[in-house]
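Visitor: I am new to this structure and would like to learn how to read it, one feature at a time. Could you show it to me and let me ask as we go?

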Amino acid sequence: MTRHEQTSQAVRTIDDIGAALAERGLDLDLLARRMRNVSLESDTTGQIVGPPWRADDVSALNMNLVPIQYGGCPLLQSLVAQATLMAFLGEADASLALALPGPGLAMPPVVALASTQQQARFFQRFQSGTPRWGAFAITEPDYGSDATAMRTSARKTGRGWVLNGTKCFITNGARADYAITFATINRQMGRYGIRAFLVESNTPGFEASRIERMAGLRATQLAVLSYTDCEVTDDALLARGDEKPLDDAFSGAQRSWAYFRPLLSAVMVGSCRRVRADLAAWLDAGGTPADRHQGVAGVEASLLDIDRQIAAAWLLCHCTAWKADRGIATSMDSSMTKAFASRVAARVTRAAMDLAGLDGIAACPSLEQGYRDARAFDIMEGTGDLQRLMIARAAQRSTSRPWDMTVVPCNCPATPDSSPVLPTDPSPDLANAHRSGKEIPHDDA
Ligand SMILES: Cc1cc2nc3c(=O)[nH]c(=O)nc-3n(C[C@H](O)[C@H](O)[C@H](O)COP(=O)(O)OP(=O)(O)OC[C@H]3O[C@@H](n4cnc5c(N)ncnc54)[C@H](O)[C@@H]3O)c2cc1C
């Protein structure tokens, strides 16, 4: 049995993951309890209150999502293990789960685009007892869904590159030590003019100029990043030695989205579980449902419907992650997972609030917090509208039916690889999507 088979087959439960992290000094149960304790205050202030981690936890948190060859935890390389972990942490607090130290959203573009030397340099920086964050900077004030039309420019000089422009809504942007920054060398070239750069937060000309006021996921502190004649060296340009010059860095962003969509969906599954548990605890303690005529059977039916939706979203996350771990193309599965989890999160939190009424909402703040977090989740990593557009286009193009995408051979082994397995099939190019005049599937959620 290969090392990867051992790792991905050994991880069955969150207890396995907790045991693996305990070997690295992190107490996962304690971390989750402490996250839960500061959840409301973090939501109110938009800060990582506490922090919820202990000094002993930091090294293991920093190294989450780091490939094995750079010191990452073998049991956490598979996407299934990561999804299980994210659902567990999301149950404690969705926003804090996304604000924990580590390379985070910056990991996939580095694995997809950087040379071995660049990867080693980047990931070794996370071998530290001090919290370190990575960020992924592509969205701009005028270009979000249509990211290939970005304006942030990269100009070649004798000494390296000069970046100019503005990025916005960057998760952990103000606390990040390193931001993978996407910029264009020539706007006329569209996606093929885009390059990815590793920018350190102390680089002259780089500034986290603002943190947005958010309705949900507040501790993620979405930041505006400004680049003003920001000069970086040649080796800041992510480029594999064998593919110079790299002319499709945008595919690194796409693979990053395809990798993270099931993980973010897992966070939302965790958030829904928490809302469900808090609602049930309030009802058990004698809370009266908003509709006093609903009766026990009506309440139970509503709770069962909530459970059904959460279970379905989790199964989709798990299936997509399982397929990705086997090197099966999953970009459409990732879109389906995110679009579905996003609707489930909106419906479950809304149903919980309808059931609880004003008294219940006041007694269980996680209901309303979960609802706001779900709205923010729908926008990040490609809005729900865009996911549905991509799914519809793939279904139109494909000769197979959309649900065939979730069919996998039962005996397909995990891919032997020491890196996290990034999806191999980038999502379709959405450049100019809004100008295509194609009708978008209507969101009736
Ligand atoms: C919590 C959160 C975290 C984020 N983290 C990051 C991050 O770390 N890094 C980063 O770079 N960005 C990040 N973002 C930004 C996010 O990726 C963008 O907000 C998103 O891509 C949408 O872009 P936009 O805000 O410019 O909206 P727009 O693209 O302007 O869209 C506005 C509305 O129009 C709709 N729309 C747009 N185009 C179409 C179309 N073709 N068809 C139908 N409807 C369309 C959208 O669905 C949306 O409802 C984050 C956002 C959030 C909310």
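Visitor: Which residues of strand 1 lie on one side and which on the other, and are they buried or exposed?

Guide: Before the answer, please keep in mind that this is a predicted model, in which local features need pLDDT of at least 70 and side-chain atom pairs count only at pLDDT 80 or more, while totals for chains, interfaces and linings use all residues. Residues are numbered from 1 along each chain as its sequence is written. The general idea is that in a regular strand the side chains alternate between the two faces of the sheet. Here Gly-134 and Phe-136 are on one side of strand 1 and Ala-135 and Ala-137 on the other, and all are buried, so that both faces are covered. A residue is called buried if 20 or more other C-beta atoms lie within 10 Å of its own, exposed if 12 or fewer, and partly exposed in between, with the C-beta atoms placed from the backbone. Helices (H or I, at least four residues) and strands (E, at least two) are DSSP runs, numbered from the N terminus.

Visitor: In what sense do strand 1 and strand 4 pair?

Guide: Two strands are said to pair if DSSP finds at least two bridges between them. Strand 1 and strand 4 pair in the parallel sense over 4 bridges, and Gly-134 stands opposite Tyr-178 in strand 4. By contrast in sense, strand 2 (residues 153-156) and strand 3 pair in the antiparallel sense over 4 bridges. Strand 2 and strand 3 form a hairpin with 3 residues between them, and the bridge partner of Lys-156 is Trp-161 in strand 3.

Visitor: Where is Gly-173, and which residues is it in contact with?

Guide: Two residues are in contact if their C-beta atoms, placed from the backbone, lie within 7 Å. Gly-173 is in the loop between strand 3 and strand 4 (178-184), and it counts as buried because it has 26 C-beta neighbours inside 10 Å.

Visitor: What share of the contacts in the protein chain comes from residues 24 or more positions apart?

Guide: Among contacts with a separation of 6 or more, such residues account for 80%. The chain has 13 helices and 7 strands, and buried residues make up 51% of its 445 residues.

Visitor: How many residues has the largest nonpolar core, and which have the most contacts inside it?

Guide: A nonpolar core is a set of buried Ala, Val, Leu, Ile, Met, Phe, Trp, Tyr and Cys residues joined through C-beta atoms within 7 Å. The largest one here has 131 residues, and those with the most contacts inside it are Phe-197, Val-267, Met-268 and Val-269. The largest share of this core, 16 residues, comes from helix 9 (residues 250-284). Leaving aside neighbours within four places in sequence, Val-267 is in contact with residues including Met-86, Ala-87 and Gly-90. Val-269, for its part, is touched by Ala-313, which is found in helix 10 (residues 295-325) and counts as buried, with 24 C-beta neighbours inside 10 Å.

Visitor: How many residues surround the ligand, and which are the closest?

Guide: A residue is taken as near a molecule if its C-beta atom, placed from the backbone, lies within 6 Å of it. There are 25 residues around the ligand, the closest being Gly-144, Ser-145, Met-380, Thr-383 and Asp-385. Helix 13 gives the most to this shell, with 3 residues.

Visitor: Why does the ligand lie between domain 2 and domain 3?

Guide: Domain bounds come from an automatic or database domain assignment. Domain 2 (134-243) and domain 3 (250-408 + 416-430) both give residues to the shell around the ligand, so the ligand lies between them.

Visitor: Which backbone features deserve a look?

Guide: The peptide bond from Gly-50 to Pro-51 is cis, with omega near 0°, and Pro-51 is in the loop between helix 3 (28-45) and helix 4 (58-62). Glu-381, a residue other than glycine, has a positive phi near 55°; its place is in the loop between helix 12 and helix 13.
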